[in-house]
Amino acid sequence: MKPVNVGICGLGTVGAGTFNVLQRNLHDIARRAGRPVRIVHIGARRDNPACQLDGVKVSRDIFAVVRDPDVHIVVELIGGMTVAKELVLAAIAAGKDVVTANKALIAVHGNEIFAAAEANNVVVAYEAAVAGGIPIIKAIREGLVANHIQSLAGIINGTGNFILTEMSEKGRAFADVLAEAQALGYAEADPAFDVEGIDAAHKLTILASNAFGIPLQFSKVYTEGITEITSEDVQFAEELGYRIKHLGLARRTEEGVELRVHPTLIPAKRLIANVNGVMNAVLVFGDAVGPTMYYGQGAGAEATASAVIADIVDIARDIDSPGLVPHLGFSVETTDLPVLPAEAMVTAYYLRISVKDEVGQMAKIAETLSMHGINMEAIIQKEAPEGELLVPLILLTQPVREKAMNAAILSIEALPAVTEKVVRIRVERLDS
Ligand SMILES: NC(=O)C1=CN([C@@H]2O[C@H](COP(=O)(O)OP(=O)(O)OC[C@H]3O[C@@H](n4cnc5c(N)ncnc54)[C@H](O)[C@@H]3O)[C@@H](O)[C@H]2O)C=CC1
Ligand SMILES: N[C@@H](CC=O)C(=O)O
Ligand code: NA
């Protein structure tokens, strides 16, 4: 069989992982693909000591890889959105298939990129862009094709989950764990993308389009990161039987689709609440199959390479008749499912209210919540710490519309006994 020739652009963490795994498993990969899959050209600013590049053509100009007539598949692993977009569009225009791990690029420019790919009869594959090594795009787009997907929820940023786990299990400082995640190659070039929830929002955008058949709409995702989570809240959550995880959530309601990324209390007994470190997990609810969960390493050189190479092999198998699976899983997309504004979202809440240690304050807070139609599920009142005048009051509410909760919090913060901002974290029970 005719070999398929691969050109890799970017030889950082994922580029090096892809190069090394492809070389190491060359024989098995050729047997699986039904033809040899060879790396023939690398585009990199500099060589990477982790890779033995003897016998492979190397260019400092990544566009030389796209121009190389020997290259069939261009693998974009440089990250970022400007040059990466130019590179991918140039490859498409040259009639080459593309594999990318770049979730920012797909979430923000994917609609345009896929349209260009379809017009040129080539494939842009992006399994590595969501949840690293977990084959979640393949699972949703192909394995669950029979299902009406009602919702999905995932821990989809490895760096963030690694930080939260190390902080809560070992009491380590945020900055210290983030530095380790960077050294391990988990973090984005700008780690604010990880800790502020942007990376998870990119991934959720892609998941939601594949689950619901809607266009990519990154700018409509409600996004919060992990920077405000305190060890105090982690501890109170544990007392209530919950874990705090950073979750991406996409859910259909009667009015449209909720797309949100934020810290979330999840019952500690749920499998997903026990996904720790750099591991990711995505829970998908299909009407036929019920709940399914996909688990694996969400970041790191070789785990991500596993997904990049899976895409390369998919393309290599079908190199003469590409495009059998639509880019976002649906041949016809719908725009009738609007993404709901934050105020229309419905979720339960954890509230931590610091209140003056005076008689009757708890009753006043309960009354304020009830005035806004909010029911409580659980409550913990702590003693004031030695020498302090404020006591923490911790509440769990039943699901409520975000708009009602915003109004209730304003009223609570206006009470004379409440002098600090109310801490609020959403709660998801994830049972349907
Ligand atoms: N690190 C990880 O665990 C994962 C990363 N990704 C994605 O994979 C992509 C690559 O990420 P990493 O390998 O972690 O980043 P990295 O920063 O380790 O590697 C990027 C490489 O591309 C090179 N590069 C950038 N612009 C270039 C240009 N114009 N010409 C030549 N070389 C250029 C850089 O010098 C660097 O060596 C990103 O889109 C990232 O979001 C996706 C899943 C997991
Ligand atoms: N920075 C990302 C890398 C994988 O997508 C993460 O930590 O999840
Ligand atoms: Na994946």
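K203 is found in helix α10 (residues 198-212). Helices here are DSSP runs of H or I with at least four residues, numbered from the N terminus. This is a predicted model: local features need pLDDT of at least 70, side-chain atom pairs count only at pLDDT 80 or more, and totals for chains, interfaces and linings use all residues. Residues are numbered from 1 along each chain as its sequence is written, and chains are lettered from A and ligands numbered from 1 in the order in which they are written.

K203 and K103 are in contact, that is, their C-beta atoms, placed from the backbone, lie within 7 Å.

| Residue | Helix | Other C-beta atoms within 10 Å |
|---|---|---|
| K203 | α10 (residues 198-212) | 28 |
| K103 | α5 (residues 103-119) | 28 |

K203 counts as buried, and so does K103. Buried means 20 or more other C-beta atoms within 10 Å of the residue's own. Leaving aside neighbours within four places in sequence, K203 also contacts V130, A131, I156 and G248. On the same terms, the contacts of K103 include A129, V130, D199, H202 and I206.

Next comes the ligand. Ligand 1 is surrounded by 26 residues, and the closest are G10, G12, G79, A101 and A299. A shell residue has its C-beta atom, placed from the backbone, within 6 Å of the ligand. Twelve are nonpolar, eleven polar and three charged. Helix α1 (residues 13-24) gives the most, with three residues. Domain 1 (4-133 + 302-317) and domain 2 (136-297) each supply at least three residues.

Conventions
Helices (H or I, at least four residues) and strands (E, at least two) are DSSP runs, numbered from the N terminus. A residue is buried if 20 or more other C-beta atoms lie within 10 Å of its own, exposed if 12 or fewer, and partly exposed in between; C-beta atoms are placed from the backbone. Two residues are in contact if their C-beta atoms, placed from the backbone, lie within 7 Å. Ala, Val, Leu, Ile, Met, Phe, Trp, Tyr, Cys and Pro count as nonpolar, Asp, Glu, Lys and Arg as charged, and the others, Gly among them, as polar. Domain bounds come from an automatic or database domain assignment.
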